[in-house]
Amino acid sequence: MNTTELEATVRAMTARGKGLLAADESSGTIKKRFDSIGVESTETNRRDYRQMLFTTPGLDEAISGVILYDETLRQSADDGRSLASILQSKGIVPGIKVDKGTIVMAPGSSEKITEGFDGLAKRYEEYHQLGARFAKWRAVYSITDELPSPRNIRLNASGLARYAAITQQSGLVPIVEPEVLMDGTHTIERCEQVTTVVLQGVFEALAAEGVALELMVLKPNMVISGKECVVQANARQIAEATVRCFRRTVPAAVPGIMFLSGGQNDVQATENLNAINALSARHPWIFSFSYGRALQAPALKAWQGKKDNVTAAQNAVQKRALLNGAACRGEYQSQMEQAA
Ligand code: 13P
């Protein structure tokens, strides 16, 4: 294992006041995003959109790394430079989503497990050459009164751990993403209970696989009320439950906890991250962001697939990046939404 390179990567990814831009939507997911603005999902349009995001002036002020999709890592900008090298030239680390999505765990089950192990070590050789220095693998868990089942927790944990071990051996930093979904009527207390057992399972499996916890990043959900729950916890309650849950489950060796937004709207995702960082408790990890929708939604809306809108779209993504950067320091205030 090339520890020196992994250390440099993880240090760059977890730089204070910065977070990750998740731009790794699979072909199916980006189509859904483009459908929402009436833009056809062609390879050129996908390239244009990602080029717009990555060439945002000053993006490196609050973005330390970008998670790419396989196709994007192979694409070049109008000036002929690869999209990955544009990020590198700004000191932003390119990463790659390597899981191949989810499948049902067993016939008749509503639970999912993640696939993508085929040829993974081999794929990493090429990804490393193309500039990727970290990877992402996502496992999903649904909440009901009965779920997630112990079997689903076990299988997803062992998948995440096996992926993390292969990733480190290949010279890339693994982002371990266990996502407990927000969909449902469950309370924040139920989310805390489930997130706690999920994380316990994940760290047990990581230890069993001999994963170096210093050389990984955790990308979890916040502890939050179900979307359809009648009682919605406020930012302070979310922050307290989230921090309590992580103090109980995440070893101090892990350098960074970089949240997914998971369907929170852009402002909520910033407010909640800020509330977490504004709690006076001291933590061994940084609490930052690795947002997809919460960073991109306003930019996508401003862009509309038109060259004339590139500057407006870049301003929109830069605004969210800077506000989330402020939230990493607990310095975000709602008035900033108007100012920028
Ligand atoms: P969201 O922030 O939109 O949840 O996306 C993050 C991500 O990478 C999901 O895998």
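Is Asp-60 buried, partly exposed or exposed? I looked this up and found Asp-60 partly exposed, at 28% relative accessibility. I use these words as follows: buried is under 20% relative accessible area, exposed is over 50%, and partly exposed is in between, with a 1.4 Å probe and protein chains only.

**Basis of the entries**

I note that this is a predicted model, in which local features need pLDDT of at least 70, side-chain atom pairs count only at pLDDT 80 or more, and totals for chains, interfaces and linings use all residues. Residues are numbered from 1 along each chain as its sequence is written, and side-chain values use heavy atoms, with hydrogens and water left out.

**Asp-60**

I located Asp-60 in the loop between α3 (43-54) and β2 (63-68). Helices (H or I, at least four residues) and strands (E, at least two) are DSSP runs, numbered from the N terminus. I then looked up Lys-90, which is 30 residues from Asp-60 along the chain; the two C-alpha atoms are separated by 6.2 Å.

**Ligand**

I found 13 residues around the ligand, and the closest are Lys-136, Lys-219, Ser-261, Gly-262 and Arg-293. A residue counts as near if one of its heavy atoms lies within 4 Å of the molecule. For Ser-261, an N or O atom of the side chain is 2.5 Å from an oxygen atom of the ligand. Gly-262 has a backbone N or O atom at 2.7 Å from a ligand oxygen atom. On its own the ligand has 300 Å² of accessible area, and the protein covers 91% of this. Such areas come from the Shrake-Rupley method with a 1.4 Å probe; for residues, only the protein chains shown count as cover. I also noted that β6 (134-141) and β10 (286-291) are the elements that give two or more residues to the shell around the ligand.

**Cysteines**

How many disulfides does the structure hold? I found 0 disulfides. A disulfide is a pair of cysteine sulfur atoms within 2.5 Å. Cys-191 is in no disulfide, and its nearest cysteine sulfur, that of Cys-245, is 7.8 Å away. I recorded Cys-191 as buried, with a relative accessible area of 2%. Cys-245 is also buried, at 0% relative accessibility.

I placed Asn-274 in helix α10 (residues 266-278). Asn-274 is buried, with a relative accessible area of 10%. Its C-alpha atom is separated by 4.0 Å from that of Ala-327, 53 residues apart along the chain. In helix α11 (residues 293-303), I listed buried residues, among them Ala-294, Leu-295 and Trp-303.

**Backbone angles**

Most residues other than glycine have a negative phi, and most peptide bonds are trans. Just after α11, Gln-304 takes a positive phi of about 55 degrees. I placed Gln-304 in the loop between α11 and α12 (310-328). Gln-304 is partly exposed, with a relative accessible area of 31%.

Which peptide bond is cis? I found that the bond from Leu-147 to Pro-148 is cis, with omega near 5 degrees. Pro-148 lies in the loop between β6 and α7 (150-169).

Notes
A polar contact is a pair of N or O atoms within 3.5 Å; within protein, one must be able to donate a hydrogen and the other to accept it, and residues adjacent in sequence count only if both atoms are side-chain atoms.
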